[in-house]
Structure formats: structure tokens, C-alpha cells
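Thanks for coming, everyone. Please have a look at the screen, and then I'll walk you through a few spots.

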Amino acid sequence: MSPYLTPPFYTKEYDLNDNIMTPQIPDREFEKVTTHTFSDAAEASKHIAERIASLIRERENQGKKTVLGLATGSSPLKVYDELIKLHQEEGLSFRNVITFNLDEYYPMSPDSIHSYVRFMKENLFDHIDILPHNTHIPKGDIPQEELYEYCKQYEEKIQEVGGIDIQLLGIGRSGHIGFNEPGSTAHSKTRLVTLDNVTRSDASSSFNGIENVPRRAITMGVGTILKAKQVCLMAWGYTKAHIVKAMIEGPVTDKVPASFLQQHEDCSAFLDTSGSQQLTRYTTPWLVRSCVWEDNLIKKAVVWLALKIQKPVLMLTEHDYNEHGLDELISTIGSAYDLNIKVFNMLQHTITGWPGGKPNADDSQRPERTLPAQKRVLIFSPHAGNDVISMGGTIERLIEQGHEVHIAYQTSGSLGVSDAVTRRYTRFAKELLHHFKLPSDTLEAPFKEVLEYLGTKEEGDFDSMAIRKIKALVRKEEAIAAMHYYGLPEERIHFLNMPFYETGKVRKKPLGKEDYALVKSLISQLKPHQIFAAGDLSDPHGTQRLCLDAIQKVLQDLAAEDFMKDCWVWLYRGTWQEWNIDEIDMAVPMSPEQVMRKRRGIFFHRSQKDNILYQGEDEREFWKRAEDRNQGTAKRYDELGMAQYAAIEAFKLYKK
């Protein structure tokens with residue numbers, strides 16, 4: 001696994017199975033909840049599932065029942081997968097388990113595609129031997145006049161079985177646990193609540209628009225949750241990192257209801273790398289403990305200090321370092337002058353206008369090697385559009401500078417095309433037949449079928465295969481048009497259509513042999529000198545993570561091949577977030593004209609221009625996100641004392 005995928009462990013200060021170590025600075029209190037950090041959600045989920053399984057077995061041996069508080073949403077899905085696996089492969093029985101779910105939208109029919117009743121059946125209950133009468137989920141179709149008494153009875157049922165043994169929780173960007181939005185008190189009980197707009201916005205992609213998201217929900221209260229004997233809170237992805245920091249390190253406040261968990265005697269937070277990235281132990285570890293001052297940490301500390309006090313690197317003084325907790329660093333290096341020069345050069349040497357290496361130049365201080373002068377470059381893009389959004393300017397540079405550039409789109413991207421766009425293209429194709437008076441008896445039938453299906457399609461219905469093919473074709477033709485704009489011949493554009501993606505829904509299948517084979521075949525065929533891949537693991541829908549996992553696995557399999565010894569792998573971001581300045585190994589500057597050409601390249605992806613289906617919590621269009629991030633990177637380089645550029649695209653070297 002690449003070092004960048006895990007937090008920068010500069011010292012062995014804790015074990016994943018133990019509590020974190022107490023911060024070493026006595027006048028600073030940081031983490032107030034026991035916190036476990038894992039490389040990814042799958043690893044963390046396995047740990048949680050084992051904890052649950054251990055309790056179930058222990059209570060069963062004692063002749064007792066286990067009471068679980070369960071959550072919905074994307075956070076617990078891998079935990080449920082692991083529990084199903086333990087049931088099917090190791091015989092873990094749930095016959096003595098009683099469950100209470102946290103919440104349900106209101107009003108909500110139990111048969112709806114959005115119902116948590118349906119969610120729990122599809123993702124857990126239908127795959128284990130739990131007794132149906134032992135499962136409890138708030139009823140979203142209860143008449144409103146009966147709600148008060150119903151919620152009271154829900155609380156009483158929990159108490160009748162002895163309370164909840166382990167409560168699973170996710171956390172919303174508003175800081176909610178269950179559906180306890182900001183303003184909820186520590187003593188609140190099961191009740192009807194009004195949902196925060198942030199919560200409804202986050203759910204909008206599942207409901208095909210925020211206007212379709214219910215405005216209310218039934219939820220266990222904060223007080224109900226705090227009565228659980230154990231609490232396991234899960235948070236995956238960088239979109240949760242800010243609120244995770246507030247929950248774990250901030251004050252207890254009803255503005256962040258999850259912060260009440262600091263008062264629980266046995267609460268553990270389980271985080272993946274991205275979810276933990278805002279914690280003090282990772283952002284500024286020198287404030288928590290003594291550090292081993294290797295170059296990557298030195299660069300991180302100096303960049304942090306310069307940006308914090310708004311000084312160029314070369315203007316930092318020993319007083320600045322001492323005043324901000326970096327006296328240990330100064331004593332290690334010797335002087336602020338030497339330290340400043342060292343880090344300034346580190347930053348300066350990342351900047352290059354030659355992302356494929358500059359011919360006939362000394363490459364000892366450049367991010368890419370000079371030879372071979374003309375390289376074969378393979379750029380992997382999870383969906384059509386990730387390539388130009390994240391590195392459109394660099395793609396154009398590589399092509400202009402004479403490299404043999406290939407683009408490989410790993411998935412069809414069909415899920416990202418709306419029904420409205422599909423209807424427009426289908427009608428256009430149908431009218432085209434009439435315009436040229438082409439035989440229509442057989443050709444028009446598929447178009448008619450698609451239009452009729454779209455006209456009767458109801459919320460929650462899966463796309464037919466014909467519709468999925470049309471949506472995939474829309475993404476394919478947009479990608480080809482964008483690459484033609486940059487001058488890339490069509491024979492260098494590859495569409496892998498990896499099968500893991502083709503489920504017809506947001507949740508994907510696990511990677512399989514065919515997925516790996518497609519990636520391996522292309523790399524083996526091209527024998528590239530450079531590979532660019534999406535390292536943006538904050539994709540809320542998981543596609544980019546799986547696409548990178550496939551590439552990593554193939555790189556390991558091919559490691560012994562001669563051509564791989566001369567292949568460098570660069571990771572880009574930009575769709576969901578950007579590399580921090582201290583993480584960047586290659587910074588490719590862009591002129592104002594290149595920024596505009598990149599924007600035009602992104603515009604060829606028309607289906608992703610307006611009313612994006614799965615854009616996450618960021619409401620900006622993709623072209624705007626890209627420009628803001630590229631300009632933001634350039635601005636930070638400028639603030640650190642580097643040359644001023646209109647924009648910069650950033651890359652991290654993957655350590656194979």
C-alpha cells in the first residue's frame with residue numbers, strides 16, 4: 001500500500017486495537033473520545049463486526065440476548081457485510097439478537113425504495129437468521145396523532161430488554177447522530193424531528209433531488225443513544241473530517257450533537273484515513289508529541305507555519321518557530337535560516353512546466369526524469385471527465401510536448417447521466433432517422449421502447465439495459481470530443497467498462513478477476529513510462545477508490561516486469577479535493593489561456609454540466625471546482641514565496 005494512503009505515522013504512538021496515547025503536552029487537551037484510525041473503511045468495519053460478534057457469542061454462552069442499536073446510510077454497510085460473512089462462513093447466529101434502529105424518514109412507506117425497513121432487509125436481515133419479531137425500526141407510516149405514544153412505547157421496549165448493548169452510529173455533516181440535528185439536547189428521547197437542510201442536501205442524490213427528500217423523521221434521542229452500554233461511531237471520507245474534529249476535539253455543544261458522546265463512558269470512534277485527516281495528531285503532530293523530523297514532516301511543519309502566520313517561507317524567524325510549538329524542529333536543524341532554505345528548495349523543485357520531463361536538461365532537481373525524452377503516458381480516469389477536471393492542463397502539455405499519451409476510462413459512467421439527458425439524446429437519434437428517411441421499422445423500435453420506459457419510470461426503478469447503454473454512450477462520446485479538442489487521436493482512447501461498476505445503482509460490486517484483467521492487459525500492452533491515476537479517495541460514491549485499488553493490485557502483480565522498473569506513477573486529485581501543499585511532488589503551472597482551454601475541455605462533458613446527479617455536498621459545477629482548486633494551489637505557492645501563476649495542477653508520486 002502506498003504511504004500516502006495512511007496518515008503520516010511519524011512515531012509509533014498507538015496501536016489500532018488500543019486507545020490512543022494521551023497527548024504529551026499537558027496544557028493542551030485534544031482528543032476526548034477514544035479514537036481508532038484505519039487505512040480504509042473495510043478494515044475498520046471488520047474490526048467493528050468482530051467486536052459485535054464477540055459480544056453475541058459471549059452473551060449466547062451466558063444464555064442471554066444481545067441488544068444492538070443499528071444505523072442506516074453508507075457508513076455501516078461494510079459492517080453489515082462482515083456480519084453476514086461471519087454468519088454464513090463461521091456460523092455466527094443472530095437468533096438471540098434483538099435490534100433497534102435509530103431512525104426513519106417521516107412519512108415513509110415501509111415498501112418504499114428509501115425506507116429504512118427495506119434498507120435493513122436488503123443489507124442485513126434477509127441474509128442472517130435473526131427472528132423478524134426481534135427487529136424494531138421506527139414506523140414511518142404511523143398516523144401523526146399516534147406518534148407521541150408510539151415514540152414513548154419505542155423507548156419502553158428498549159428498556160424492557162435491558163437497554164442497548166452496542167449502538168452503531170454514523171455522523172452527518174451537521175454533526176447529527178441518528179437524526180438529532182443541531183439544537184438537540186443531551187436528554188432528548190425518541191421523537192419526530194425536522195431535518196436540517198444540510199442533511200436533506202446530502203440525501204438529495206438518493207431521492208433524485210432535494211425537493212423529494214422528506215422534511216421530517218422519527219429518531220432515537222441523544223439521551224437514548226447515551227444510555228447504550230457501548231457506542232461505536234463510524235466516519236469515512238474527507239467530507240466528514242471537519243465535523244469529526246469538532247466531535248472529538250471540540251467543546252460539548254448542542255450545535256454539534258455528536259459532541260455529547262464525549263460524556264459517554266464507553267464510546268469509540270472508528271475512522272478511515274480521510275475521516276481522521278483533520279485531527280490534531282495528523283495536521284500538527286508536533287503539538288501532540290515529540291516527532292522524528294524526517295523531510296516530509298519538516299516540509300509539512302514549515303508550510304503549516306508559513307500559511308498560518310501569513311509569511312513567505314524565507315521570512316520565517318526563530319521567534320516564529322518557537323512561538324508556535326516548533327522549537328524542537330529548530331533545535332534539530334540548527335537555525336531558521338538553514339531550515340527556510342531547505343524547505344524553499346523543496347517547494348521550488350516541485351514546480352515544472354514539463355510534466356513528462358524536460359529534454360536535454362539536468363533532472364536532478366526536477367520532479368520527472370528527462371529520459372526517455374518521448375514517453376508513453378497512460379492516464380487512468382475512473383469516469384469520463386475525471387481526467388480533464390483533474391489534469392486537463394497537464395494532458396494538453398504532455399500532448400504538445402510530443403509524448404505518446406493514452407487515456408483509459410475505467411468505467412462507463414452511465415450512473416452519472418440523468419433521465420432528462422437520456423431522453424434528449426434518444427429523441428434526437430429518433431428524429432435523425434426521420435430526417436434522413438432511413439428505414440425505421442426496426443431501427444425506431446428501440447428508441448420508442450426507451451422513451452416509453454422513461455415516461456413510465458417510477459422513483460426507485462432501475463434503468464433497463466438499453467437505457468444504460470445509451471447513458472454509457474453519452475459519456476463515451478463526450479470523452480472522445482474532449483480529447484479531440486486537445487488533439488489526441490481516437491486510437492489512443494480506451495474504454496475499459498470495468499464490470500464492478502455495472503450494477504445499475506450507486507453501490508458497486510466488489511472488484512473481480514475481469515476488472516483486474518482489463519487494467520493489467522492495457523498496462524502490459526502499452527508498457528508506459530508514466531501512469532497517472534486518480535488518488536482522490538474522498539469520492540463519496542466509492543468508484544475512484546475501487547478504480548485505484550484495481551491499479552494498485554495490478555502494479556503489484558507486474559512489479560517484476562522489466563518495463564515497470566522504468567515506470568513512474570503519479571496520482572492526481574481535483575474532483576472532490578486537492579493535495580495539500582506539503583503532499584505535492586509535482587506542480588504543473590497554467591497560464592490564464594490554459595485555464596480557459598481546460599474549462600472548454602470540461603464543457604465537452606455536457607451531461608455533467610448542469611443538475612449533476614452525484615456531485616456530493618459541493619454545489620459548484622465541476623469546472624468551477626477545478627478552477628477554484630487550481631487557482632487556490634497557485635495562490636498558496638505564491639503566499640509561500642514562489643513565483644505567481646494563474647493556476648497549478650498538483651500530483652503526488654506513488655511509492656510502488
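Where does Pro 372 lie? Pro 372 is in the loop between helix 12 and strand 11 (376-381). Helices here are DSSP runs of H or I with at least four residues, strands are runs of E with at least two, and both are numbered from the N terminus.

Some ground rules. This is a predicted model, where local features need pLDDT of at least 70, side-chain atom pairs count only at pLDDT 80 or more, and totals for chains, interfaces and linings use all residues. Residues are numbered from 1 along each chain as its sequence is written, and side-chain values use heavy atoms, with hydrogens and water left out.

Back to Pro 372. The peptide bond from Leu 371 to Pro 372 is cis, with omega near -5°. Another cis bond joins Tyr 106 and Pro 107, with omega about -5°. Pro 107 sits in the loop between strand 4 (103-106) and helix 3 (116-123).

Now helix 12, residues 336-348. Its 13 residues reach 18 Å from first C-alpha to last, close to the 18 Å expected at 1.5 Å a residue. The expected span is 1.5 Å times one less than the number of residues. Which residues of helix 12 are buried? They are Ala 336, Leu 339, Asn 340, Val 343, Phe 344, Met 346 and Leu 347. Buried means under 20% relative accessible area, exposed over 50%, and partly exposed in between, with a 1.4 Å probe and protein chains only. The arc is taken over directions from the helix axis to the C-beta atoms. They pack against helix 9 (295-309), helix 10 (318-323), helix 11 (327-333) and helix 20 (622-639). Contact means heavy atoms within 4.5 Å.

Between helix 9 and helix 10 there is a loop, and Gln 310 lies in it. Phi of Gln 310 is near 55°, a positive value in a residue other than glycine. Is Gln 310 buried or exposed? At 72% relative accessibility, Gln 310 counts as exposed.

Next, helix 14, residues 419-435. Its buried residues are Val 421, Thr 422, Thr 426, Lys 430 and Leu 433. Down the axis of helix 14, they fall within an arc of 165°, so they line one face. On the other side, Phe 428 and His 435 are exposed. What covers the buried face includes helix 15 (444-456) and helix 16 (465-485). Just after helix 14, Lys 437 takes a positive phi of about 55°.

How do helix 15 and helix 16 pack? Their angle is about 100°, with the axes 9 Å apart. Axes are lines fitted to C-alpha atoms, for helices over the stretch in contact, and angles run from 0 to 180 degrees between N-to-C directions. Helix 15 and helix 16 are therefore roughly perpendicular, a label for 65 to 115 degrees. Val 450, Tyr 453 and Leu 454 of helix 15 meet Ala 466, Ile 467 and Ile 470 of helix 16.

Last stop, Ile 171. Ile 171 is in the loop between strand 6 (166-169) and strand 7 (191-194). At 3% relative accessibility, Ile 171 counts as buried. Leaving aside neighbours within four places in sequence, its contacts include Leu 233, Met 234, Ile 243 and Met 247.

Conventions: Angles under 35 degrees count as roughly parallel, over 145 as roughly antiparallel, 65 to 115 as roughly perpendicular and the rest as oblique.
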